[in-house]
Amino acid sequence: MYTIQYIALFAILGLIIYVFLKFRNQKLELSDFIAWELFLVILLIVSLAPVEISMKIKRILGLGRGLDALFVSMIGLAYLLMFKLYLDIDRIEREITDLNREIGIKLKEIEDLLKRKP
């Protein structure tokens with residue numbers, strides 16, 4: 001086992017504990033907790049046997065080297081995470097727009113009521 005594997009193991013275990021504590025303190029939803037813990041467990045498995053896993057991915061993707069296969073896999077995963085973030089941000093923007101619209105309508109109704117009362 002290489003030194004970088006020990007460093008990766010400690011970092012990943014630290015992240016697993018950090019995510020668990022965030023979930024326990026109710027700062028993380030259950031679906032996000034499961035997704036992050038699953039991702040970290042996958043990283044933990046890859047860090048324990050990087051050569052074997054990269055060779056399997058290499059054969060599946062048809063790439064020349066195992067390290068390239070890991071990079072391609074991680075870049076693909078990063079794009080998936082960015083897409084999920086984009087969808088979340090888009091949903092939040094729509095909610096903010098709807099909320100602002102409702103507040104504007106309510107304020108207009110209140111102003112109209114105040115103008116009618118002398």
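The structure is a predicted model, and the second largest pocket in it has a volume of about 300 Å³.

**Largest pocket**
- Four helices each supply at least two residues of the lining: α1 (3-24), α2 (30-48), α3 (50-61) and α4 (66-116).
- Sorted by class, the lining comprises 14 nonpolar, two polar and one charged residues.

**Second largest pocket**
- Helices α2 and α4 each contribute at least two residues to the lining of the second largest pocket.
- The residues lining this pocket are Leu-28, Asp-32, Ala-35, Trp-36, Phe-39, Ile-42, Leu-77, Leu-81, Lys-84, Leu-85 and Asp-88.
- Eight nonpolar and three charged residues make up this lining, with no polar residues.

**Ser-54**
- Ser-54 is found in helix α3, a helix that also supplies at least two residues to the lining of the largest pocket.
- Ser-54 counts as buried because its relative accessible area is 5%, and the limit for that class is under 20%.
- Leaving aside residues up to four places away in sequence, Ser-54 touches Gly-66, Leu-67, Ala-69 and Leu-70.

Technical notes: Residues are numbered from 1 along each chain as its sequence is written. This is a predicted model: local features need pLDDT of at least 70, side-chain atom pairs count only at pLDDT 80 or more; totals for chains, interfaces and linings use all residues. Side-chain values use heavy atoms; hydrogens and water are left out. Ala, Val, Leu, Ile, Met, Phe, Trp, Tyr, Cys and Pro count as nonpolar, Asp, Glu, Lys and Arg as charged, and the others, Gly among them, as polar. On a 1 Å grid over the protein atoms alone, a cavity is a set of points where a 1.4 Å probe fits but cannot get out, and a pocket is an open set with protein on both sides within 12 Å along at least five of seven lines; lining residues have an atom within 4 Å of a point. Grid points are joined across faces, edges and corners, and a volume is the space filled by probe spheres set on the points. Buried means under 20% relative accessible area, exposed over 50%, partly exposed in between (1.4 Å probe, protein chains only). Contact means heavy atoms within 4.5 Å.
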